[in-house]
Amino acid sequence: MRIAVPIETEGNETRVAATPETVKKFIALGATVTVQSGAGTKAGIPDSEFETAGAKIATSLADTLSGAEIVLGVRRPSAEVLAQMPKGAVVIATMDPYGNEAALKSMADAGVDAFAMEFMPRITRAQVMDVLSSQANLAGYRAVIDGAGEYGRALPMMMTAAGTVPAARIFIMGVGVAGLQAIATARRLGAIVTATDVRPATKEQVESLGAKFLAVEDEEFQQAQTAGGYAKEMSKEYQAKQAALTASHIAKQDIVITTALIPGRPAPKLITADMVRSMRPGSVIVDLAVERGGNCELAKPGEVYITDNGVKIVGHLNVPGRLAATASSLYAKNLFAFVETMIDKEKKTLAINWDDELVKATLLTRDGAVVHPNFQPKA
């Protein structure tokens, strides 16, 4: 049973899909692991550490993928990688499939069995495999650090002989995993924190972390959560009421962090250009949804943009990758936990149970076809 870990080909990707720790665990299950030379460099893991853990180091992509039954990645494989992948290989990565149907067809045409880790169901058994949570947790932390770095002032209140420094005001928009970690981090750093979300269940979570909750708590608000725990898309009327409430609040904030995403849809616009214009010079917006179009109307992907009135809008791409070592460690553990369910421990062979609910939820392509129900032609 051969597992391959190629270098990530996307330019801003710093993470790697395996670590020396997970390599040892795969070998204990009877696998051989081949890592392409340099795959862990950006995450601070040299080839020598993979070798010490028992992995084979391959100098080329072709050697890395040769004979591989399982290919582990952080991102969906590129056309170049797919072209050299053995037919029938199991490919496990975050696939970003929505809006990328041509890429799904390419994987189907290549004859690989592709699994999307971001489709892992949010059930107790799969918590250890939840890549969205592990990576969003780090993104929420990093957003506060990035925001504080751009703000140029202290976050906690300080009483000094030269006078009192007031505490910074930080507003978190969207209270999922990233938002909750952002609240906790901002509170630990001494800021005054408020937060908003359309899901009523988040109010108690926000308050338990010592922050103040802000939302239009009407009847629609009470029904604003899916069975899977995600936010529903709200009506235009509710969005207008919520925008009016937040507009006056944003004008008083020093740092605003937006984390709102709805699976399979563009990011909802939460901060308009007018709201940005109402903010004080030197204040900061960190938009964690910038890769999906952004929650802020003026956010620019991959840039720290300074508006005419001196507001900094931070649009870093791949925010978990800004903590590459930690993000890789957690992501690799997520992958290992999932792959472990596909291995026959006695025979030490790959033995996928195609009826397993985790397999059904995450499988995108099999036997030359796109099989996930979310990507079937509409009747």
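What follows looks at the fold of the protein chain as a whole and then at Gln 36. The model is predicted, so local features need pLDDT of at least 70 and side-chain atom pairs count only at pLDDT 80 or more, while totals for chains, interfaces and linings use all residues. Residues are numbered from 1 along each chain as its sequence is written, and side-chain values use heavy atoms, with hydrogens and water left out.

Start with the whole chain. It has 13 helices and 19 strands, taken as DSSP runs (H or I, at least four residues, for helices; E, at least two, for strands) and numbered from the N terminus. The radius of gyration, over C-alpha atoms, is checked against a globule rule of 2.2 Å times the number of residues to the power 0.38. For 379 residues a compact globule would come out near 21 Å, and the chain's 22 Å agrees with that. Along the principal axes, the C-alpha atoms fill a box of roughly 65 × 55 × 35 Å. Of the 379 residues, 48% are buried, where buried means under 20% relative accessible area, exposed over 50% and partly exposed in between (1.4 Å probe, protein chains only).

Now to Gln 36, which sits in strand β2 (residues 32-36). Gln 36 counts as buried because its relative accessibility is 11%. Beyond its neighbours within four places in sequence, Gln 36 is in contact with Val 5, Pro 6, Ile 7, Asp 47, Ala 58, Ser 60, Leu 61 and Thr 64; contact means heavy atoms within 4.5 Å. As for Ile 7, its backbone nitrogen lies 3.1 Å from a polar atom of the Gln 36 side chain.

Definitions and conventions: Polar contact = N/O pair within 3.5 Å; in protein donor to acceptor, adjacent residues only side chain to side chain.
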